[in-house]
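Subject: Structure for your review

Dear colleague,

Please find below the structure that I am handing over to you.

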Amino acid sequence: MSRPLLQASGLSMRFGGLLAVNGVGLTVNEKQVVSMIGPNGAGKTTVFNCLTGFYKPTAGTILLDGEPIQGLAGHEIARKGVVRTFQNVRLFKEMTAVENLLVAQHRHLNTNFLSGLFKTPSYRKSEREAMEYAEHWLEAVNLKEFANRPAGTLAYGQQRRLEIARCMMTRPRILMLDEPAAGLNPKETEDLKALIGLLRNDHNVTVLLIEHDMKLVMSISDHIVVINQGTPLADGTPEQIRDNPDVIKAYLGEA
Amino acid sequence: MTRNLKSALFSAVLVLLVAYPILGLKLDIVGVNLAVVGASTNTVLVIFGAALLMFLRVLYNEQISAMWRSRPQKQLVSSRASNFMTLPSTQRWFLGAIIIVALVWPFFGSRGAVDIATLILIYVMLGLGLNIVVGLAGLLDLGYVGFYAVGAYTYALLQHYYGFGFWICLPLAGLASATFGFLLGFPVLRLRGDYLAIVTLGFGEIIRLFLRNLTDLTGGPNGISNIEKPTLFGLTFERKAAEGMQTFHEYFGLEYNSVNKVIFLYLVALLLALAALFVINRLLRMPIGRAWEALREDEIACRALGLNPTIIKLSAFTLGAAFAGFAGSFFAARQGLITPESFTFLESAIILAIVVLGGMGSQLGVILAAVVMILLPELLREFSEYRMLGFGALMVLMMIWRPQGFLPMQRPVMKLKGER
């Protein structure tokens, strides 16, 4: 049994009179793929926003490797290795694919003003390494030939892949994907599945994802968390979830 | 057809309504009183002619545009030429050529021309600085002139009260402006777009009003005069040197010639503008430059990737302001006299126009636009009343034909390994 990397408990988020998330808890173990599912409007993305610091949760604790991270700003949590994608693709559209990847490495680069001004050897080295790393991942997501194309001109599926590659640039420990398969065709979904497998097996990345494509969820998840109307409904392995009467009821409505 | 007729009539009446009071009526002194008199018949005829033209233009709008379309598609600037013009390599060659020409011509040019060129260079510096904030970081700053004023007054005050020289004050002025940029950056960090524009606009005005009302310190509306010009390693270009100084012409045993001073100022401006160009060019390709652009594109994505938007915005504001400070202190040195009225909102608008006209983010574009924006009013001196009309027309035409600016920015192409 691997140890828990991300643990949230009693997570609540209130917007005025609306309790969007109520007492959600989840545990993501290292090198696991955990999926969060639930009907539309269940509060999945709100949970994501709380976990990544885009919202400050009203109540509850979030532990990353035992360290509390709730209430930190988004970029601070990202720096601790929790990196996410968005439901709608959020690439830097005017910038080229490779520039998108370079921006994401900002924190690992030599950003000293003077060394950049005079192109010192250490600056050149850091830029070269960044380029090599970006290139490596462009190849991994099969986008190398589009390296110098503005990201906004890529096809939708390519943009999705580029976004995942961009997240990988930050050397994340846990990657949170918000509906990565939305709008992809079956072939692209298969590729995505392979990519997520690659991330976990070869790059030691833990993945937490929100997804509606049940075939994908059931085939790659180690663990599934079901949320309904902001409250946790069920929690277990894919087999357990498949047979859980409450889950079926929530999805299909009462018979 | 009736709708066309209606809008055509409306347009024609609008032309009459706008043009007649402005051009068709004149104030004249009759005895001791002012009287309104009509303009000459010719002017009135021209106004009616314009209204008629407008009427026909709108009435036959569809036919005219159909005619335009039926002509073989020929762009104003062919797309290939435009692409070639904006390629980084071409721009580099262009820049090289421009620099060489800029270094050589003042020795052959007329005094007035060199003087105007110096002014253009000041605006190039300002345009390049504002380009960081507006073009790259995407933060609309309408109070840029405030930083320019801070730079100018820093030098003027230090010179006036403590007798500091230009070269010491230049970095100090940059530092002072950068500090102001940093301080302004804090409260406006949460704002974007229109709100940011309004707050920065207010900031620019506050600085100007402060300078005007702080009479004891800044001399109020009279400003500060007798500001020293820069020296060449302690050699002044005046006819007579102050105590303990030497003049340029005596040192080199030349005849005194006031043109030397003008050329020297021009060369200093050129040096500063080139330094700004070099630094900003590097900044663009540094991680911070990429981060600025990323912030302009998508702030939320930046945060999700661990980039701190606060620091990135502040650095853009601070660095942009620093360049305005350099430009300001040089401006003070060149003019020898500064008043708060040199730093009105109109200046901000001109600098912003330079950035937009040139093409956001494009450096060669900014230089070209600065030349056009400053040279045009100088050439149109005789038509001084219609200068603003010319500006407006230029802006409208640009927005129709080339909304991306003269020379829009092109993305740098990154060579990957294993490619030719």
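The notes below cover the domains, the chain contact and a pair of helices.

This is a predicted model, in which local features need pLDDT of at least 70 and side-chain atom pairs count only at pLDDT 80 or more, while totals for chains, interfaces and linings use all residues. Residues are numbered from 1 along each chain as its sequence is written, and chains are lettered from A and ligands numbered from 1 in the order in which they are written.

Chain B is divided into domain 1 (2–70) and domain 2 (87–231 + 258–401); such bounds come from an automatic or database domain assignment. The C-alpha centres of these two domains of chain B lie 39 Å apart.

Where chains A and B touch, chain A gives 32 residues and chain B gives 24 residues. Two residues are in contact if their C-beta atoms, placed from the backbone, lie within 7 Å. On the side of chain A, the largest share, five residues, comes from helix H3(A). Helices (H or I, at least four residues) and strands (E, at least two) are DSSP runs, numbered from the N terminus.

Within chain B, the axes of helix H16 (residues 345–358) and helix H17 (residues 363–379) come within 7 Å and cross at roughly 130°. Axes are lines fitted to C-alpha atoms, for helices over the stretch in contact, and angles run from 0 to 180 degrees between N-to-C directions. H16(B) and H17(B) are therefore oblique to each other: angles under 35 degrees count as roughly parallel, over 145 as roughly antiparallel, 65 to 115 as roughly perpendicular and the rest as oblique.

Yours sincerely
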